[in-house]
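Please read the numbered points alongside the sequence and the model.

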Amino acid sequence: MGKKIPPYVSRERTRHGRVNWYFRRYHGKRIRLPDLLDPGFDAAYMDALKGVEPAPRYRQADPKSLEWLIDRYRRSTAFADLAKATQKQRNNILKHVIESAGAAPYAAVTKATIAKGVEKRAKTPAQAENFRKAMSGLFNWAVEMDFVTENPTLGVKTPKTGKGGGFAVWTDEDVERYHARWPHGTKERVWIDVLLYTGLRRGDAVQIGRQHIREGWATLKTEKTGTEVTIPILAPLKASLDAGPTGDMHFIVGASGKPLTKESFGNMFRDACREAGVEKSAHGLRKIAATRAAEAGATVNELEAMFGWEGGKMAIHYTKSANRKKLAIRGWSR
């Protein structure tokens, strides 16, 4: 049984066979509404009843188009359950997909279509992998909702990262060079020590503050996975925080003493690195922390608890590298 048409709403069919919905009370202004079955219809109808001016013209996507499928997915529980950082990343990717192929029928998307999209981004392997993940999430949901029968991303391979393994890992010499340029008492020193001695990602590093610390330990949920991590406030970090400057609720602050977004912080930290003669990134500090922990004998489960990882993939990568190094040293010693 279909949804009942509410008062003052009419349906009109265009010469192309498309159905449009309008609100008009007596001789008042005619207002375009979303499709009757669209999740946004009720809110738009209530606004029209109250006389609220509608947002810029609502463009109804073809129900068979990729744009329509993406729109439904972004309104779904499956999408809402993703971490906020993942939602933001995938929203950006799906926005570009709509711009380039939104009018295409989603049923026509094949494994070859996804492979071409991956190949288009092959020069930046991380972008290619993020594209594949975003489309995989979309079509996993579409399969569950019976919009399609299979996920076209299955079996699509993404290009491997270069021999450098992604972001360059900091060395002890890099840290010493940075510390020499930015001594205690500078905000730039607080920045690196928070990253180095917590192993947090940028998005979590800009959030951590004194409210997270109890009896020398910091506990917080990570932005990316929502996993809770527990981190000791080591002596070098405590010394840096005591010297400051820090904010009331955030250790990492800008020139004005106000907290920073992860994007702004990433740019400002990169500039501080360049001024210190270090051509590395914030992510590289997370890698040196994980490498040190693995080489000190941390297990897969311990690494996952320390860095907020899940699934074993990242932890195994670091333990495998550490074990290879130990085996090589043992072999040469013989």
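1. Glu12 has a relative accessibility of 35% and is therefore classed as partly exposed; the classes are buried (under 20% relative accessible area), exposed (over 50%) and partly exposed in between, with a 1.4 Å probe and protein chains only. Its partner in a salt bridge is Arg30, with 2.5 Å between the closest N and O atoms. A salt bridge here is a side-chain nitrogen of Lys or Arg within 4 Å of a carboxyl oxygen of Asp or Glu. Because Glu12 belongs to strand S1 (residues 9-13) and Arg30 to the loop between strand S2 (19-23) and strand S3 (31-33), the pair ties together parts 18 residues apart in sequence. Arg30 is likewise partly exposed, at 43%.

2. On the basis of the work: this is a predicted model, in which local features need pLDDT of at least 70 and side-chain atom pairs count only at pLDDT 80 or more, while totals for chains, interfaces and linings use all residues. Residues are numbered from 1 along each chain as its sequence is written, and side-chain values use heavy atoms, leaving out hydrogens and water. Helices (H or I, at least four residues) and strands (E, at least two) are DSSP runs, numbered from the N terminus.

3. How many salt bridges does a search of the whole structure find? The search gives 13. One of them joins Lys262 to Glu223, at 3.4 Å from N to O. This pair links distant parts of the chain, 39 residues apart: Lys262 is in helix H11 (residues 262-275), and Glu223 is in the loop between strand S5 (217-221) and strand S6 (228-232). Glu223 is partly exposed, at 32% relative accessibility. Salt bridges with shared partners also connect Asp38, Asp71 and Arg75 in one network.

4. Lys187 and Glu188 form a further salt bridge, at 3.0 Å from N to O. Glu188 is buried, with a relative accessible area of 10%.

5. Asp193 lies in helix H8 (residues 187-198) and is buried, at 1% relative accessibility. Leaving aside residues up to four places away in sequence, Asp193 is in contact (heavy atoms within 4.5 Å) with His179, His184, Thr198, Pro236, Leu237 and Ser240.

6. Is helix H12 (residues 282-295) largely enclosed or largely open, and why? Of its 14 residues, 10 are buried, so H12 is largely enclosed by the rest of the structure. Among the buried residues are Arg286 and Lys287. Just after H12, Gly297 adopts a positive phi of about 105°.
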